[in-house]
Every structure is written in structure tokens, then in C-alpha cells.
Amino acid sequence: MYSDEYYMRKCIALAKLAEQATDVPVGAIVVKKTTGEVIGEGYNRREAERSSLAHAELAAIAQASQKLGGWRLIDCELFVTLEPCAMCAGAIVNSRVERVVFGAFDHRFGACGSCFDLFSQGLNHKPEVVSGVLQEECSQLMKDFFRKMREEKKAARKG
């Protein structure tokens with residue numbers, strides 16, 4: 001099998017696709033643990049789809065469910081560049097993902113330990129969580145994106 005870093009690099013590549021489309025650079029994949037196969041992938045498309053539901057994790061979970069032919073993602077792991085929010089953490093619980101691996105912490109919306117930990121709330125499913133995989137690279141993607149957005153807004157106000 002491949003390492004967590006290997007899969008996180010795939011997520012980073014997806015996050016860069018989101019960034020190219022002027023969306024927050026978050027990428028996610030679902031991996032079948034026994035085979036190491038990527039069975040779902042996604043990146044943020046909130047701006048493109050004009051939907052608050054178009055998160056990378058939800059796209060990856062939906063694609064994996066289609067591939068497996070059911071909503072239970074047993075024996076699956078989710079990798080994502082940014083700590084999942086409450087909505088995505090809820091989808092992770094509901095889809096029975098066994099393990100969540102994320103890169104950067106999200107101190108504003110993170111629901112896997114930063115703001116709160118949804119998985120510790122006594123729900124019927126509690127995935128294992130691994131945080132900080134390629135954290136610097138994942139954090140830098142976010143910092144660069146938001147710095148560029150601020151600069152563009154500033155330039156638009158001046159122009």
C-alpha cells in the first residue's frame with residue numbers, strides 16, 4: 001500500500017484544480033483500504049456550482065458511493081487537504097468512512113479538533129483521525145490563495 005503522504009499529494013493536485021477555477025483550494029479522495037485504489041475524488045466547486053454544498057469531501061464521498069454501489073464506505077479512508085467542516089464531518093460519519101487523514105488545520109470551521117470534534121460526540125460511528133499530513137504544503141496553498149484574493153480585491157478597489 002501507499003503512504004499517507006502519497007495520497008495527500010493526490011489531494012494537493014486536486015486542490016490546485018480548485019484554485020485554477022478560483023475556488024478555495026481543497027482536494028479530497030476516498031481510498032479503498034484493502035486495495036489502495038482511489039475510488040472517489042473531488043475538489044471544491046462552490047464558486048463554479050454556486051452551491052455551499054460543493055465541498056471536496058462531499059464530491060469524493062458521492063463518487064466513491066457510486067463506484068461501490070452503496071452509501072456505506074466500509075473499509076475506506078478519506079484524505080483531504082483541509083480539516084473537514086461540520087457538514088463534511090457529518091457526511092463522513094453517515095457514510096461510515098473508517099479513517100480520515102487531513103493536512104492543514106482549519107481554525108475557523110474545523111470539526112475534527114480545531115473548533116470542535118464532531119467525532120467525539122457519542123455518535124454511532126467514530127472514524128480514526130490523522131492530522132497534519134503534509135501540513136505545511138496544505139497550509140501554504142490556503143495562505144497563497146487568500147493572499148492573492150486580498151490583493152485582487154485591493155487592486156479592484158484602486159482601479
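A residue is buried when its relative accessible area is under 20%, exposed when that area is over 50%, and partly exposed in between. By this criterion Phe145 is buried, because its relative accessible area is 6%. The model described here is predicted. The points below concern its aromatic pairs and the surroundings of Glu57.

**Aromatic pairs**

- Across the whole structure, a search finds 6 aromatic pairs.
- Tyr6 and Tyr7 form an edge-to-face pair, because their ring centres are 5.2 Å apart and their planes stand at 80°.
- Tyr6 is partly exposed, with 33% relative accessible area, whereas Tyr7 is buried, at 3%.
- Phe145 and Phe146 also pair edge-to-face, with 5.1 Å from centre to centre and 80° between the planes.
- Phe146 has a relative accessibility of 34% and therefore counts as partly exposed, while Phe145 is buried.
- A cluster linked by ring pairs comprises Tyr2, Tyr6, Tyr7 and Phe79.

- Glu57 lies in helix α3, which spans residues 56-68.
- The relative accessible area of Glu57 is 3%, so this residue is buried.
- Apart from neighbours within four places in sequence, Glu57 contacts Ala28, Leu78, Val80, Leu82, Pro84 and Cys88.
- Glu57 and Phe145 are 88 residues apart along the chain, and their C-alpha atoms are separated by 19 Å.

Technical notes:
Residues numbered from 1 in each chain as written. Predicted model: local features only at pLDDT ≥ 70, side-chain atom pairs only at ≥ 80, totals over all residues. Heavy atoms only, no water. Helix = DSSP H or I, 4+ residues; strand = E, 2+ residues; numbered from the N terminus. Buried < 20%, exposed > 50% of the residue type's maximum accessible area, 1.4 Å probe, protein only. Contact = heavy atoms within 4.5 Å. Phe/Tyr/Trp six-rings, centres within 6.5 Å; stacked < 30°, edge-to-face > 60°.
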